[in-house]
Amino acid sequence: ATVLAAAVHLTGRISPAEGALCIEKDGRSTELSISDLAMEPVQGTVVNGRGESRAIDGQGVLLSVLLERAEMRADVQITVTADDEYSAVVTAEELAAPDKAYFIAQEEGGVQLVVFGDADSRRNVSNVVRVTVE
């Protein structure tokens, strides 16, 4: 039973092409290549659950810009999901706020969700593969 459950779970995962993100809305799916996104310098500080600060200094793209690029409205809530199915929600208000929610390029490839201003970093999702517009 465990093997069957694992097989079903693994075959149900979304696996976009390497270096791409899958953007989903209303059953429609679009892949965006990360290299096609216009990255800009991003700097800020995030805080983990123990109250420790960590500086962010890298290249990134606002989530609202990413949604515009995928021709989807940015005035809705989204769920960001990693390759291991860990997910986090970003509200419409956060998407509309300047310099609040970014995808940051990771050194080993892929992107990480960073939401500045959180009391802890539970929404810092690494190895993002899917963005679901709700």
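Because the model is predicted, local features need pLDDT of at least 70 and side-chain atom pairs count only at pLDDT 80 or more, while totals for chains, interfaces and linings use all residues.

**Salt bridges**

How many salt bridges does a search of the whole structure find? The search finds five, a salt bridge being a side-chain nitrogen of Lys or Arg within 4 Å of a carboxyl oxygen of Asp or Glu.

| Pair | N to O distance |
|---|---|
| E24 and R130 | 3.9 Å |
| E85 and R130 | 3.2 Å |
| R123 and D118 | 2.6 Å |

Let's start with E24, which forms a salt bridge with R130. This pair links distant parts of the chain, with E24 in strand β1 (residues 20-25) and R130 in strand β9 (residues 128-133), 106 residues apart. Strands here are DSSP runs of E with at least two residues, numbered from the N terminus.

R130 also forms a salt bridge with E85. Here again distant parts of the chain are linked: E85 lies in the loop between β5 (78-82) and β6 (87-90), 45 residues apart from R130 in strand β9.

How accessible are these partners? R130 counts as buried because its relative accessibility is 11%, where buried means under 20% relative accessible area, exposed over 50% and partly exposed in between (1.4 Å probe, protein chains only). E85, at 26%, counts as partly exposed.

Turning to the R123 and D118 salt bridge, R123 is buried at 16% relative accessible area, and D118 counts as buried at 17%. Salt bridges that share partners join E24, E85 and R130 into one network.

**The hairpin that carries E85**

β5 and β6 form a hairpin with four residues between them, and E85 in the turn has a positive phi of about 75°. The two strands pair in the antiparallel sense over four bridges; pairing requires that DSSP finds at least two bridges between strands. V80 has A88 in β6 as its bridge partner.

Definitions and conventions. Residues are numbered from 1 along each chain as its sequence is written. Side-chain values use heavy atoms; hydrogens and water are left out.
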